[in-house]
Amino acid sequence: MMQMTGAELIVKLLERQDIRTIAGVPGGAALPMYDALSKSEQIHHVLCRHEQGAGFIAQGMARVSGRPEVCLASSGPGATNLVTAIADAKLDSIPMIALTGQVPLSMIGTDAFQEVDTYGLTIPITKHNFLVRSAKDLLDVVPAAFRIAMSDRPGPVLIDVPKDVQNQMVSFEEYPDVVVPDAAPSFDIAAVEEAAKLIEAAERPVLYLGGGVIHSGAAHMAVTLAEQASLPTTMTLMALGAMPMDHPLSLGMLGMHGARYTNYVLEEADLLICVGARFDDRAIGKTAEFCPNARIIHIDIDRSELHKVKDAHVAIAGDVGQVLSELLPRVKPQLRKRWLSHVESLKGRFPLAMPGVDNPRSPYGLIHAVANCLDDSAIITSDVGQHQMWVAQAYPFRRSRQWLNSGGLGTMGFGFPAAIGAALAAPDRTVVCFSGDGSLKMNIQEMATAAQEDVNVKIVLFNNQSLGLVHQQQSMFYGKRIMASRYERPTDFLKIAEGFGMRAVDLDPAPNPRATLAEALTTPGPCLIHATIDPNEFVYPMVPPGAANSEMIG
Amino acid sequence: MSEQNTSATKPLSEFIPEVPEHNGFHKVVLELGVANHPGVMSHICGLFARRAFNVEGILCMPVGTGSTSRIWLLVFEDQRLEKMIKQVEKLEDVLYVNKHAGEHPVFGRLDEFFQ
Ligand SMILES: Cc1ncc(C[n+]2csc(CCOP(=O)(O)OP(=O)(O)O)c2C)c(N)n1
Ligand SMILES: [Mg+2]
C-alpha cells in the first residue's frame, strides 16, 4: 500500500513517464506541487520569467524530442499566461502537458483570489483537458493526459488541479502502467492501392508534405516515395527539412511566400499527393484556384482533416508512416523525364530570387552566413515576421526536427523560449533562434532563464526597428499608410542582453561580420547576435491575402 | 399513452420554429454516447457555437450505471454537418455519434413541455 499527497503522486507519475525537465513559474495554488518537486531527484525545474516562456520552453523540448513535455503554472494569471503557448501547441499538433494549480474545490465558482475558469478557458485550445476533483483520480488522469497528448494527432492536454486535491492524501496498491501511444487507426488497403494507381497514371504529380510527416517520423519514407515515383516535392512551413532543400526533387516551401516556380508547378499538377498536411490558407491561397486541375490523394491520421478544405479523390485516415510503408511497395518506379524537365525549366525561369545573398548585412546573406557556420546537427527556430519567411525560404534545412516554428498560430515570441527548450532537450547541439526586434520583445525576459540555465542558444536578431511584416503589408496593400508598425525609439538590445547576464555581439560595427558571427556561434553558451536590417527590405514573392497562389507579387 | 402517440406523429416543424436561413435544409437528430462528467456539454456545445452552428434542441440523461450519458441534438443539416460530426467524434469524451432522420421521435414526445 502506498500513501502520499496528490502533489507527490503527480510528481511520481511524471517521473514514471520519464520527465526530466519541467518549465514553470510558482504561485500560491501550485505550491504543494512545487513542494513535491523539491523532493524529486529526477526532475529539473526551469524557473521561467513568464508562464508563456514556460509553455514555449516545454514546446521546444517536445518539438525536439517528439514526446510530451511539461509546463507548470499557478492558478489565475499563471494559467491565463499559459494560454497562448497552449493554443500554439494545439494548432501545430505538439504533444504537451500543461499543469495548473487551481483554488480549492470548495472555493471554485466564488471568484476566489486568483480564480479563473481554466478548464473553460482551455476547452477550445486543448486536445483535451481535466479538472481533477480528487487525488485518487490522478492515477487515471495523469496517464490519460500523456496517452491523449501523444496518440493519433498529438496535441496539448491541460490538467487543472485544485490546491486541496494536491494536498489530499491518497493510498493505492500500485502505480498505473507507464503509457505509450495508442496504436494508430487501421486503414483500408484498397484505398492505398487506388492511390498507387493514381500515382502511376498521373503525368504531372506533385508531393505535398506537411508537419504530420515530421510527427510520424516518416520523412525518409516520403523522400523514398518521391524518388521512386519521380515526384517533385513541396513542403509546408511545418515540414521544412522533411526533404533536404538541396534534393533535386525539392520545390521548397509553397504558398504565400513560396518561390514563383513552386506555385506554378502546383498550378500545373494533375495529381496532388498530400501527406500529413491540411491545406492551410497560407499554403494554398484561394482554395478554389489551388491545384485547379489536380486529383487529390490525402493521407492524414486525423479523419476530420480529410475533405475539410479540398475534396480528396482518395482519402486515407492513417498514420502517414504506416500508410507510406504500404504505399511504397505498390508504387511503380518511374522516371517522368518530361514532367521533371518541365519543372526544371520552370525553376530556371522563375527561381527564388535572393538579392544580397553574398552580403552578410542583408537578410538572405545573413541567413547564409549563419548556415555556413553550422552543420545539419544545429537546431533552428524563428519568431514570426519577415525574418521568419526569409529563413523559411533560404535556410538549407536537411532533416526533420531541425526547424522549429510557430506555424498555425504564428505567435511572435515563440522563437526564443522554444530555442531554450530545444537546447534543454538536446544540450549537445547548437540552437539558433532567428528573431525580429518586435518578436524578441515579446518574451525577452527569458534571457534571464537562458543565462541561468547556460543553454547553448544564439539569438540572431534582425533589427529593422519595425514590425516588418506589418510594415510590408501596409506598404503593399494599404496605400503606404504606415500605422503602428514602426518603432519610433530605438532599443538597445545589446545592453538588455548584458543586463540579463547574456553575452551580446553586434555585427553592425564589425569590420568582418562573418568572422564575428562565426566566433559568436561557435562559443558555447547563450549569446545575442545583433544585426541592423533595412526596414524597406520586403519578403518576395508575396501572394496577397485571399488571392490565388498564381497571383504572386515580386 | 394515447397522448404520446399523437405527439410522436406530429410533424416536428410544429415544435421547432422555422429559421429563415435554414429553409430548405432537413432536420437531423444526432445521438451521442459520452462520458458522464461535468464539462462534457461545454466541450460539445462549444464546437457548435464557435461555428455559429445552431443547435435547435438538446436532451441529455445518464444511461446504465451513470458512467456514460446519452445526448440527443436536433440540428439542421447544412453542408457543414458531416464536418461537424467528424469534429464531435474527435472529442475524447465522445464514444459514438449516430445520425438519425429528423422524424426521430425523441424530440416530438417532448411536445407537451413546450406548449
Ligand atoms: C503575438 C502576435 N502579435 C501580433 C502578431 C502580428 N504580426 C505578425 S508579424 C508582425 C511583425 C513582427 O515584427 P518582428 O518580430 O520585428 O519581425 P520582422 O517582420 O520585422 O522581421 C506582427 C505584429 C503576431 N503574429 N503575433
Ligand atoms: Mg522587426
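The following dialogue goes through terms used for a predicted model and the values behind them.

Student: What are the ground rules for the numbering and the values?

Tutor: Residues are numbered from 1 along each chain as its sequence is written, with chains lettered from A and ligands numbered from 1 in the order in which they are written.

Student: Which face of strand S8 of chain A is covered, and which is uncovered?

Tutor: In S8(A), residues 169-172, Val170(A) and Phe172(A) make up the covered face, while Met169(A) and Ser171(A) make up the uncovered one.

Student: What makes S5 and S7 of chain A a pair?

Tutor: Two strands pair if DSSP finds at least two bridges between them. S5(A), residues 96-102, is joined to S7(A) by 7 bridges and runs parallel to it, with Ala98(A) opposite Leu158(A). S6(A), residues 128-131, also runs parallel to S7(A), with 4 bridges; there Leu131(A) stands opposite Asp160(A).

Student: Why is the crossover from S6(A) to S7(A) called right-handed?

Tutor: The term applies if, with the strands pointing away from the viewer, the path from the first strand over the helix to the second runs clockwise. Here the chain goes from S6(A) through helix H6(A), residues 138-150, to S7(A), and this β-α-β crossover is right-handed.

Student: What is the strand order of the open sheet, and why do S3 and S6 of chain A count as edges?

Tutor: The 6 strands follow the order S3-S2-S4-S5-S7-S6 in chain A, with parallel pairing. S3(A) and S6(A) each have a single partner strand, so one side of each is left without a neighbour in the sheet.

Student: How does H6(A) lie relative to S7(A)?

Tutor: Angles run from 0 to 180 degrees between N-to-C directions of axes, which are lines fitted to C-alpha atoms, for helices over the stretch in contact. Contact means heavy atoms within 4.5 Å. H6(A) lies across S4, S5, S6 and S7 of chain A and runs at about 165° to S7(A).

Student: Which residues come nearest to ligand 1?

Tutor: A residue is near a molecule or strand if one of its heavy atoms lies within 4 Å of it. Of the 17 residues around ligand 1, the nearest are Gln386(A), Gly410(A), Gly438(A), Ser439(A) and Gly468(A). A backbone N or O atom of Gly410(A) lies 2.8 Å from a ligand nitrogen atom, and one of Ser466(A) lies 3.0 Å from a ligand oxygen atom.

Student: Why is Gly66(B) called partly exposed?

Tutor: Its relative accessible area is 23%, so Gly66(B) is partly exposed. Gly66(B) is in the loop between strand S2 (55-63) and strand S3 (68-77) of chain B.

Notes:
This is a predicted model: local features need pLDDT of at least 70, side-chain atom pairs count only at pLDDT 80 or more; totals for chains, interfaces and linings use all residues. Side-chain values use heavy atoms; hydrogens and water are left out. Helices (H or I, at least four residues) and strands (E, at least two) are DSSP runs, numbered from the N terminus. A polar contact is a pair of N or O atoms within 3.5 Å; within protein, one must be able to donate a hydrogen and the other to accept it, and residues adjacent in sequence count only if both atoms are side-chain atoms. Buried means under 20% relative accessible area, exposed over 50%, partly exposed in between (1.4 Å probe, protein chains only).
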